[in-house]
Amino acid sequence: MAVNLVNVESVSKVYGTRALLDGVSLGVSEGDRIGVVGRNGDGKTTLIRMLARLEEADSGRVTHSGGLRLGVLTQHDSLDPAATIRHEVIGVMADHEWAGSAKIRDVLTGLFGGLDLPGFEKGLDTVIGPLSGGERRRIALAKLLIEDQDLIVLDEPTNHLDVEGIAWLAGHLQSRRSALVCVTHDRWFLDQVCTRMWDVQRGSVYEYEGGYSDYVFARAERERIAATEEAKRQNLVRKELAWLRRGAPARTSKPRFRIEAANALIADVPEPRDTSELMKFANARLGKTVFDLEDVTVTAGPKTLLQHLTWQLGPGDRVGLVGVNGAGKTSLLRALADAAVTEGDIQPAAGRIVVGKTVRLAYLSQDVTELPAELRVLEAVQQIRDRVDLGKGREMTAGQLCEQFGFGKEKQWTPVGDLSGGERRRLQLLRLLMDEPNVLFLDEPTNDLDIETLTQLEDLLDGWPGSMIVISHDRFFLERTTDRTFALLGDRALRMLPRGIDEYLERRRRMTEAAAPAPAAPADRQKPGVSAADARAAKKELQKVERQLDRISEKENKLHAQIAENATDFEKVAKLDTELRELAGEREELEMRWLELAEDA
């Protein structure tokens, strides 16, 4: 029988006149993996802080089992700014001690990309004080994961991690024996890691078995039976349920919640997005040309990020863009935006970007545009316009769109200065959409947004006719809102990934393995079984394989360009896609051969 680790008994917490938690009773046992969801401001962080006894309840009590080893990642770290990363993460362990620990090697490689911490100028000896909030957060997470705990409590652990880092963290937590309570808006992560869900709503906490997908099924059924939630919320749940069942691959290997009543909920729900209809409408709004890139080079200071890029963003294209940090994702968007804003006057370092004459671009950057603090939410939206045309005969007033984005009638009169970071992000998105763009660039749009707001944004984008590029570490959002995935892998090229994020992670894994240095052999002897002549032959063949890999990269670039040019010819795209898959197979074989030869050479 599982040992009970934490008991929460009749806990209440009031801020001002609002009860965040009202008589909540919960428990955490050994082996529990609990995801906590709910709207921003509904009490998720307060709940886990009280669970960890970092914050006192107004009434009720929280008890921990004797000798509980507890690890907590809060949104604000307690690292010593004068200390080095080595001091905070490794402590007093000698190099040979920590380097001999598989767990420590795994954590450092997974969170920082290598044991030498390649993103930090002085590696482990980097002083923490001058580092960014995101870098400090990764250090705090590494410090926590290196230790052994009975229970880990994590508040938004995926913030500041890229797609690879999130995938690594999910695998790492799956392999640990510790119990887990985790607040996150990353739905893919919840599905991978959690076996139970806590939904914090209006002072209460509802418990569900299973990961995020199972929670959506269960919540939809609960709301159908209770019939207490307003129609808007229920319709959003039903639409997301339809997406989970039809639009996306199975999210959990052993789904725990299957009920006919839940299936009945989506019997009359259409596909989340009518792609062909939206494509027709986008053609009408945009014409044939949106962005055409011809032999483009993109730079950032002295660094060349992309070279000889020929690519096309067509009308109605919905593109997800992923890649390693520093590979040029944001720089590519900025180059396109500069060309659009100046009507082609500002061009990249080399090559040319052709912008369609009818393009109306809206660009959501990672920086939240500050508005006057005294301005009310509704006034900030009405500054742009009073009504917006969403296409296909749909029109919304500024007030209606505010409500869809979670700003109820009372909240619409809140001064901008009183909004949280997530609410300001929502307002920024809302103002962009009110300007009726036909091309959207979204750079990390999910930052600071709760799950309910994300589903509302996805619902709105489902019917939005135009071209779109999304950069996001939120895998669920990318798969939900885009139709094709492209990657920047750090080799100055842009590649289409027919299998999406899974293919990206596979490619990155192979690249990392290929780049890993082979263990150094003693200088006075050859590798056993390999003569000097064999080593020379291996080096010669190694160079040949590298040339073959370069040629495959060139062919892949040409095929990507042809696919972009023939985006509406589905038969031709399918044929080109088959060629791409064949090249991917050749690449994989060559990369494996490269690894074998590198060992001999």
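Good morning, colleagues. By buried I mean under 20% relative accessible area; exposed means over 50%, and partly exposed is in between, with a 1.4 Å probe and protein chains only.

The model is predicted, and local features therefore need pLDDT of at least 70, side-chain atom pairs count only at pLDDT 80 or more, and totals for chains, interfaces and linings use all residues. Residues are numbered from 1 along each chain as its sequence is written, and side-chain values use heavy atoms, with hydrogens and water left out.

Let me return to the opening pair. Arg-480 and Asp-462 form a salt bridge through their side chains, at 2.9 Å from N to O. This pair brings together distant parts of the chain, with Arg-480 in helix α17 (residues 475-481) and Asp-462 in helix α16 (residues 451-462), 18 residues apart. A salt bridge here is a side-chain nitrogen of Lys or Arg within 4 Å of a carboxyl oxygen of Asp or Glu. Helices (H or I, at least four residues) and strands (E, at least two) are DSSP runs, numbered from the N terminus.

How many salt bridges does a search of the whole structure find? The search finds 28.

Glu-9 is partly exposed, because its relative accessible area is 30%.

A further bridge connects Glu-436 with Arg-385, at 3.5 Å between the closest N and O atoms. Both residues sit in loops: Glu-436 between α15 (421-434) and β17 (439-443), Arg-385 between α13 (377-382) and β15 (387-391), with 51 residues separating the two. Both count as partly exposed, because the relative accessible area is 22% for Glu-436 and 27% for Arg-385.

I now turn to the sheet that contains β1. In what order do its three strands lie? The order is β2-β1-β4, in an open sheet with antiparallel pairing. At the edges are β2 (18-29) and β4, each of which pairs on one side only. Direction ignored, neighbouring strands are turned by 15° against each other on average; such angles are taken between axes, that is, lines fitted to C-alpha atoms, for helices over the stretch in contact, and run from 0 to 180 degrees between N-to-C directions. Pairing requires that DSSP finds at least two bridges between two strands. β1 and β4 run antiparallel and are joined by five bridges, and Asn-7 has Thr-63 of β4 as its bridge partner.

Strand β1 also holds Ser-10. This residue has a positive phi of about 50°, although it is not a glycine. Ser-10 is partly exposed, because its relative accessible area is 44%. His-160, also not a glycine, has a positive phi of about 75°; it lies in the loop between β6 (151-155) and α6. For context, most residues other than glycine have a negative phi.

The next topic is a helix contact. The axes of α4 (residues 102-112) and α6 (residues 163-175) come within 8 Å and cross at roughly 150°. The two helices are therefore roughly antiparallel; angles over 145 degrees count as such, under 35 as roughly parallel, 65 to 115 as roughly perpendicular, and the rest as oblique. From α4 the contact draws on Asp-106, Val-107, Gly-110 and Leu-111, and from α6 on Gly-165, Trp-168 and His-172. Contact means heavy atoms within 4.5 Å.

Which residues of α4 are buried? They are Ile-104, Val-107, Leu-108, Gly-110, Leu-111 and Phe-112. Their cover includes α2 (85-90), α3 (95-99), α5 (133-146) and α6. Gly-113, which follows α4, has a positive phi near 90°.

Leu-293 counts as buried because its relative accessibility is 1%. Beyond neighbours within four places in sequence, Leu-293 contacts Leu-309, Thr-310, Trp-311, Leu-332, Leu-336, Arg-352 and Ile-353. Thr-310 is 17 residues from Leu-293 in sequence, yet the C-alpha atoms are 5.1 Å apart in space. Thank you.
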